[in-house]
Amino acid sequence: LKPPGPSGCSYWELTALGSAVVASTLPPDLGLLLHNRMSNLMSCLVLGGHLHLLFMLQPDPLLAIYDWNHWARLTKDFTAAHRRVAEVEGVQLSYIDRRIAGMRGDAATDAKHARLAAAALLDMVVCDAGCVHSLEDAWGQPNSLTKAGAGAAKPART
């Protein structure tokens, strides 16, 4: 909402981000979600890689974490930028230890971890496109990070 102009009337003006969301032709609820995430992202974007953008652009998790031990091993290789993304987005890596210990998780926190895992996978593909085949060992095996393997992942419903 713009402040009153010379005529004394306030008016709405479409921002560049709003225009991009409208042009995306996303359903209104997903468009609003994307707009909110991107607005927040503009104030606290973690630079140093693609991970933060990949995390923010997922409307739903692309996978569901099956083996929390496997996810814990993968997070041990996180860079400082990866850890900063987790911190900024409220993805507590200590939650993984609680899940490994058998504590029940909640769907929202599990979904945040799944979004981070999927973003990390996509980040690996983007950053090392020449070695996509090597990702199969770390991510693609059934009954490891995901039940069916990341290559067979279907969007998880939360």
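Is Leu 53 buried, exposed or partly exposed? In this predicted model, Leu 53 counts as partly exposed, because its relative accessibility is 35%, a value between the limits of 20% for buried and 50% for exposed. Leu 53 has its place in helix α3, which covers residues 51-56. Leaving aside residues up to four places away in sequence, Leu 53 touches Leu 41 and Leu 45. The C-alpha atoms of Leu 53 and Arg 37 are 9.8 Å apart in space, and these two residues are 16 residues apart in sequence.

The chain as a whole is described next. Its secondary structure comes to eight helices and zero strands, and from the N terminus on the elements run α-α-α-α-α-α-α-α. The chain has 158 residues, of which 33% count as buried. Among the contacts with a separation of 6 or more, 59% are accounted for by residues 24 or more positions apart.

Two packed helices are described by the angle between their axes and the distance between the axes. For helix α1 (residues 16-23) and helix α2 (residues 28-44), the axes come within 10 Å and cross at roughly 150°. The angle is over 145°, the limit for this class, and therefore α1 is roughly antiparallel to α2. The crossing in which α1 passes α2 is right-handed. On the side of α1, the residues that meet α2 are Leu 17, Gly 18 and Val 21. Their partners in α2 are Gly 31, Leu 34, His 35, Met 38, Ser 39 and Met 42. By class, this contact of α1 with α2 has five nonpolar and four polar residues, and no charged residues.

The loop between α1 and α2 holds Thr 25. Most residues other than glycine have a negative phi. Thr 25 is not a glycine, yet its phi is positive, at about 60°. Thr 25 is exposed, because its relative accessible area of 68% is over the limit of 50%.

A pair of aromatic rings is described by the distance of the centres and the angle of the planes. A search of the whole structure finds two aromatic pairs. One of them is formed by Trp 68 and Tyr 95, which are edge-to-face, with 5.8 Å from centre to centre and 75° between the planes. This pair links distant parts of the chain, with Trp 68 in helix α4 (residues 68-75) and Tyr 95 in helix α6 (residues 94-100), 27 residues apart. Trp 68 and Tyr 95 are both buried. Trp 71 and Phe 78 also form an edge-to-face pair, with 5.8 Å from centre to centre and 75° between the planes. Both Trp 71 and Phe 78 are buried.

Helix α5, residues 80-88, contains Ala 81. Ala 81 has a relative accessible area of 22% and is therefore partly exposed, the limit for buried being under 20%. When residues up to four places away in sequence are not counted, Ala 81 touches Val 46, Leu 47 and Gly 48.

Methods
Residues are numbered from 1 along each chain as its sequence is written. This is a predicted model: local features need pLDDT of at least 70, side-chain atom pairs count only at pLDDT 80 or more; totals for chains, interfaces and linings use all residues. Side-chain values use heavy atoms; hydrogens and water are left out. Axes are lines fitted to C-alpha atoms, for helices over the stretch in contact, and angles run from 0 to 180 degrees between N-to-C directions. Helices (H or I, at least four residues) and strands (E, at least two) are DSSP runs, numbered from the N terminus. Angles under 35 degrees count as roughly parallel, over 145 as roughly antiparallel, 65 to 115 as roughly perpendicular and the rest as oblique. A crossing is left-handed if the near helix is turned anticlockwise from the far one by less than a right angle, and right-handed if clockwise. Contact means heavy atoms within 4.5 Å. Ala, Val, Leu, Ile, Met, Phe, Trp, Tyr, Cys and Pro count as nonpolar, Asp, Glu, Lys and Arg as charged, and the others, Gly among them, as polar. Rings of Phe, Tyr and Trp (its six-membered ring) pair if their centres lie within 6.5 Å; planes under 30 degrees apart count as stacked, over 60 as edge-to-face and the rest as tilted. Buried means under 20% relative accessible area, exposed over 50%, partly exposed in between (1.4 Å probe, protein chains only).
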